[in-house]
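Have a look at the rings first, then read on.

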Amino acid sequence: MCGIIGYTGDRQAQGIILAGLKRLEYRGYDSAGIAIVDENLEMFKDKGEIGHLEESMPGIKGNFGIGHTRWATHGKPMKNNSHPMTDCKNEIALVHNGIIENYMTLKEELMKRGHVFRSETDTEVAVHLLEEFYDGDLESAVLKTVTKLKGSYAISVIHKKEKGKVVCARMISPLVLGIGKGENFIASDVPAILEYTDRMIYLLDGEIATITKNNVKIQDLEGNEVKREWEIVDMSLEGAEKGGYEHFMLKEIFEQPKVIQDTIIGTSLSSENGYSIGFKPDTIKIIACGTSYHAGYVGKHMFEEIAKTPTTVELASEYRFSSATTSQPLIIGITQSGETTDTLSAIRTAKKRGHDTLSIVNIVGSTMTREADETFYTRAGLEVGVAATKTYITQLIAIASLAIKMGVTKGRLGIDRARLLENQMRSLPKHVRSILSNAAEIKELAESISDVNSMFFLGRNINYPVALEGALKMKEISYIHAEGYPGGELKHGPLALVTSETPVIAIAVRDQTYEKMLGNIGEVSARDAKVIGIGTEGDRELEKYVDHTIFVPEVPHLFTPVLTSVVLQLLAYYAANARGCEIDKPRHLASALQWNDYIN
Ligand code: M6R
């Protein structure tokens, strides 16, 4: 996730662009840059936060330009990978948010035609395409360029010969136009420009817009003009930063359909990278902490079922105490921040023990990516809330992609089955959207149990780590004591704690655990516990066993954790909100990104 801003008007563009970038910094902050045209195209960019750019850049004159704050996806955070990107003649500047899925193919073609690339990014192909298509009309060059791009993009472009004009285009990644008086704006998100205007047009997928100081023109991909009315955005600046959501956590939960899609594209299942990966391990050991550990636990089932590779999961903080074994599993470290001390030291120990190491990480260029032999990236964008939500969901997606690749590489998964699994994964954003559209019902349920002191989360097999994650989410933000258990373990002790005062959240989807879960639900109901069952859409039978049901769409059982986890995130969020908790910054906790020296 990156942030884009564009301005044209009578004012000096530099201050407006810098101020807008600061308001977009929540979207990413590993590098930033600005391009402004006066007589010439002037550009300044660097690695680091906007504050650094502001302090180090000279004053640039000019009243139209573009800016970008980056969250690296392709290519490390460094100056030459920062945006804007320019063409070979330094006449066109372009900023981009999203992932251009077919960039490798485009890059090879462009290089054969003599284009020289100066970055490792996917973005740079777009500016070289623009250079080829430009014949004196920037709009038509942008139109031709975007028809060549696959994947997601929001781009914004200026040309040194087209004074006062900023052109932008959108596919999947957001863009909004701000309509001023004698000036107009482009931004990834409302807060960047709300200080100047509250009249906005949200650009739709496949639309291209051209702004000059007195005019806004929108076209579709066929070049037909599209008439769109502006609307007044009724938002405070603070509210706008959270996209109108009360908390970042809720905003991040609602971003999940998008980041699932980005991660599917980013892990590039079939297109650019093919199925082959460098590892063919006989066994795997996953090491991680907290939510990432739970993702790894779900992943164990994926590696075993999809790639037929026996997998164990270990808490990173415990790994150093385990004795070295004669077997040599591939060690996979999962950490969204890439900075968690325990996971980093476990990977270092693994390397000393002679293991191959692979990391699954969200932050490009983080310490973990330098420590592990290979890295597989999730594409969740920046997670501001301390409670991990979208980073966890994208870890599940990345693990599934990796398991598919590994299965094919090892010859344990046929191509047809791999393609089937990919297609099933591609439907997940739609299903998550449908769960989110049911948030009001989950809210009501959460509020009805928000005054208890303790609750249980039950699940079996692949649903057990989901129960663990549901309990972790609940306890860390609502401060309600919550335990995740495999249903079969209840009778071995914890059942003693189950009463009418301890609600039980039971994951009872239609899979091989279903019948057994109904039995476990019976055990807790007999102790008067109120049971909320999370079941498969249309399962009328489950309703007979539980007090309330929340249904999720039917998907293959390996992917149900993606859906059931979203329900549990919402349940925790709304319970915590009803209790008036500080949701985005729970007491005593921080993400490793916020406290780099977070010691466990
Ligand atoms: O950055 P990491 O994925 O390594 O973080 C690991 C845990 O600290 C983290 O998942 C923590 O449990 C979550 N913030 C809980 O929501």
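1. A search across the whole structure, which is a predicted model, turns up seven aromatic pairs. One of them joins Tyr293 and Tyr297: the ring centres are 6.0 Å apart and the planes meet at 75 degrees, so this pair is edge-to-face.

2. Where do Tyr293 and Tyr297 sit in helix H9? The helix covers residues 290-306, and the two tyrosines are four residues apart in it, which puts about one helical turn between them. Both Tyr293 and Tyr297 are buried.

3. Next, take a look at Phe456 and Tyr485. Their rings make a tilted pair, with 6.2 Å from centre to centre and 50 degrees between the planes. Phe456 belongs to strand E20 (residues 454-459) and Tyr485 to strand E21 (residues 481-486), so the contact ties together parts that are 29 residues apart in sequence.

4. Are the two partners of that pair buried or partly exposed? Phe456 has 1% relative accessibility, under the 20% cut-off, so Phe456 counts as buried. Tyr485, at 24% relative accessibility, counts as partly exposed.

5. There is also a cluster to check: Tyr7, Phe185 and Tyr196 together form one aromatic cluster.

6. Finally, two arginines over rings. Arg199 lies over the face of Trp230, 4.7 Å from the ring centre. Over the ring of Tyr319 you'll find the charged end of Arg353, at 4.8 Å from the centre of that ring.

Terms used
Residues are numbered from 1 along each chain as its sequence is written. This is a predicted model: local features need pLDDT of at least 70, side-chain atom pairs count only at pLDDT 80 or more; totals for chains, interfaces and linings use all residues. Side-chain values use heavy atoms; hydrogens and water are left out. Rings of Phe, Tyr and Trp (its six-membered ring) pair if their centres lie within 6.5 Å; planes under 30 degrees apart count as stacked, over 60 as edge-to-face and the rest as tilted. Buried means under 20% relative accessible area, exposed over 50%, partly exposed in between (1.4 Å probe, protein chains only). A charge sits over a ring if NZ of Lys or CZ of Arg is within 6 Å of the ring centre and within 35 degrees of the ring normal.
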